[in-house]
Amino acid sequence: MLRTFCILVTCLFFVSGQEADPCLPTTYRAIDHPWRSTSNVVTSSTAQCDSSLVVKWYRSTSGAGGTMPATRPDLNACGTVYPLWMDDELPNAGETAEIKMCIRTPFTSCQDTWNIRVKNCNTFYVYELQQAPTCPSAYCFGDKAPCPDGQTSDTGFTPCTEISVNISGINLSPNRTADLVDTTITYELGLAIAKVIEFQCNIDVTRT
């Protein structure tokens, strides 16, 4: 009886000690940080830092992109002064791998190297990030830029297309017309979130 109990305890310990799949939404933390894009160049006064980052699996869900760059970013890119990037290759579908991380500095493109784990979840990647080795430095994700005013896209990021509104001389009904006077469109991250169209109504009224 005692032997059976010990075997059962050992099995339970083994099962509970298994690591949860980092591809599960309950395991990773989604980060929607467009400022991590390599296209986002900032000054030192507005630079971000990942020095207080909790060691955990992370997935970038930003429209700027969800993949960490494998080429050297510029200084002051990724919303920070010293960008963190991977000098390695991503794992194949379903695989987990350790990849080499680098910090971009004025002296070298790859300083203070260390490894983190990355898993390929088929349609996205998750990264087990650690605290940044110095400040101000932060992890890079994506390379897209927000659409400028007057342009839009499905994600609000490049590639973008021009927004055009062509409404003029609409025939509402006999003896009633409307001419376009003004159009005001409000944008947020390249997406049209509010539209105000002003018309001048022309009504032909005939008294008998």
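User: How many aromatic pairs does the count come to?

Analyst: The count comes to 2 aromatic pairs. Rings of Phe, Tyr and Trp (its six-membered ring) pair if their centres lie within 6.5 Å; planes under 30 degrees apart count as stacked, over 60 as edge-to-face and the rest as tilted. A word on the background: this is a predicted model, where local features need pLDDT of at least 70, side-chain atom pairs count only at pLDDT 80 or more, and totals for chains, interfaces and linings use all residues. Residues are numbered from 1 along each chain as its sequence is written, and side-chain values use heavy atoms, with hydrogens and water left out.

User: Why is the pair of Y28 and F124 called edge-to-face?

Analyst: Their ring centres are 5.8 Å apart, and the planes stand at 65 degrees, so the pair is edge-to-face. Y28 lies in the loop between α1 (2-16) and β1 (29-31), while F124 lies in the loop between β5 and β6, 96 residues apart. Helices (H or I, at least four residues) and strands (E, at least two) are DSSP runs, numbered from the N terminus.

User: What makes Y28 and F124 buried or exposed?

Analyst: Buried means under 20% relative accessible area, exposed over 50%, partly exposed in between (1.4 Å probe, protein chains only). Y28 has 12%, so Y28 is buried. F124 has 16%, so F124 is buried too.

User: What is the angle between the planes of Y127 and F141?

Analyst: It is 75 degrees, with 5.0 Å centre to centre, and this aromatic pair is edge-to-face. Y127 belongs to strand β6 and F141 to the loop between β7 (137-139) and β8 (151-152). Both Y127 and F141 are buried.

User: How do you know that the charged end of R59 sits over the ring of F124?

Analyst: A charge sits over a ring if NZ of Lys or CZ of Arg is within 6 Å of the ring centre and within 35 degrees of the ring normal. For R59, the charged end is 3.8 Å from the centre of the F124 ring.

User: What makes strand β6 mostly covered?

Analyst: In β6 (residues 125-129), 4 of the 5 residues are buried.

User: How do you know that β5 and β6 pair?

Analyst: Two strands pair if DSSP finds at least two bridges between them. Strand β5 (residues 111-120) and β6 have 4 bridges and pair in the antiparallel sense; K119 has V126 in β6 as its bridge partner. Strand β2 (residues 56-60) is also joined to β6, by 3 bridges, and these two run antiparallel.
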